[in-house]
Amino acid sequence: PYTLPLINVLALAAGTWCVEEILRRYRANPWYALTFGLYAGQLMSARLDLAEPLAYTLVAAAILSTERGSWRGTVVLFAMSALARETSLVFIGGYLLFLVVQREWRRAATLALGVGLPWLAWQGVLWVWLGRPGFGSGGAGATSWEIVPFRGFWSVGSIDIEAFALIALIVLPLTIIPGLFTLVAAIRDLWAGRWHPYATMLLANAAILLFLPQSSYREPLAMLRLTTGLVVATILFGARKRSRRILNYSLLWLASLVFVAKENPTL
């Protein structure tokens with residue numbers, strides 16, 4: 001019974017170290033990596049024995065592997081992250097976009113097949129075993145993905161306006177507002193021709209927030225967990241640009257620790 005929490009605690013430490021190493025490579029202050037380890041989405045996932053801390057640690061390790069010139073290690077670690085949690089596919093999709101635009105066909109094919117084949121095989125196992133694959137918009141009560149941007153968020157108001165107001169207090173400052181700002185920042189870099197994996201991964205993590213299902217937006221904990229990818233991508237993007245402003249803004253996510261404190265009635 002101690003294995004799951006132990007894995008997540010170790011993953012939080014290892015992931016923070018990986019992000020710290022990436023920050024050092026871009027001569028940014030390594031203390032910004034604490035946002036990775038102390039973000040409420042990570043801590044609450046660890047508390048509930050969910051896979052986000054391990055998945056995003058594997059993502060950070062894959063990116064560090066690329067920085068160190070080990071492409072084979074990158075593919076293996078990305079494949080492991082996709083098996084740990086399907087939300088890692090957002091990072092992989094962002095990286096594939098960069099490789100395709102840069103016409104690095106061999107690496108794009110290696111990444112797509114190296115990640116896609118084991119992931120599809122595992123979905124097949126789940127289908128035979130449980131009667132359905134593990135990929136979708138959620139579990140019981142899940143709604144479908146949206147086409148209209150942020151409809152999943154504002155449609156909650158048609159169900160319960162008071163609940164919508166409470167959810168907005170969490171989702172607006174921690175997800176929607178930073179998501180819009182980072183989406184603009186990524187598009188601006190790409191439009192100016194400054195193509196880099198960190199920009200395309202930020203674009204992917206910010207863009208997916210536009211189309212999340214209502215069932216995700218009406219669950220604050222789900223949104224905290226889903227925003228972890230945006231947190232990681234923002235830190236990496238700020239490190240590469242050596243932008244103290246972006247990195248300082250990333251520290252605002254530490255305000256989410258109030259929700260962790262709320263879980264303990266003695267605090």
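A residue counts as buried when its relative accessible area is under 20%. In this predicted model, helix 6 has Val90, Phe91, Ile92, Gly94, Tyr95, Phe98 and Leu99 buried by that cut-off.

**Helix 6**
- Helix 6 is made up of 13 residues, and its first and last C-alpha atoms lie 18 Å apart, close to the 18 Å expected at 1.5 Å a residue.
- Its buried residues pack against helix 4, helix 5, helix 7, helix 10 (197-207) and helix 13.

**Helix 5**
- The 14 residues of helix 5 should span 20 Å at 1.5 Å a residue, and the distance between its end C-alpha atoms, 20 Å, agrees with this.
- Trp71, Thr74, Val75, Phe78, Ala79, Ser81 and Ala82 are the buried residues of helix 5.
- These residues lie on the same side of helix 5, because they cover an arc of only 160 degrees around the axis.
- An α-helix has 3.6 residues a turn, so residues three or four places apart point the same way.
- The cover over the buried residues of helix 5 includes helix 4 (52-67), helix 6 and helix 7 (105-130).

- Leaving out residues up to four places away in sequence, arginine 85 touches Leu50, Ala51, Glu52, Ala55 and Arg225.
- With one of these, glutamate 52, there is a polar contact from side chain to side chain at 3.3 Å.

- Apart from neighbours within four places in sequence, arginine 242 is in contact with Tyr26 and Arg27.
- A polar atom of the arginine 242 side chain lies 3.3 Å from the backbone oxygen of tyrosine 26.
- Arginine 242 and serine 81 are 161 residues apart along the chain, and 27 Å separates their C-alpha atoms.
- Serine 81 is one of the buried residues of helix 5.

Conventions: Residues are numbered from 1 along each chain as its sequence is written. This is a predicted model: local features need pLDDT of at least 70, side-chain atom pairs count only at pLDDT 80 or more; totals for chains, interfaces and linings use all residues. Side-chain values use heavy atoms; hydrogens and water are left out. A polar contact is a pair of N or O atoms within 3.5 Å; within protein, one must be able to donate a hydrogen and the other to accept it, and residues adjacent in sequence count only if both atoms are side-chain atoms. Contact means heavy atoms within 4.5 Å. Helices (H or I, at least four residues) and strands (E, at least two) are DSSP runs, numbered from the N terminus. The expected span of a helix is 1.5 Å times one less than its number of residues. Buried means under 20% relative accessible area, exposed over 50%, partly exposed in between (1.4 Å probe, protein chains only). The arc is that of the directions from the helix axis to the C-beta atoms.
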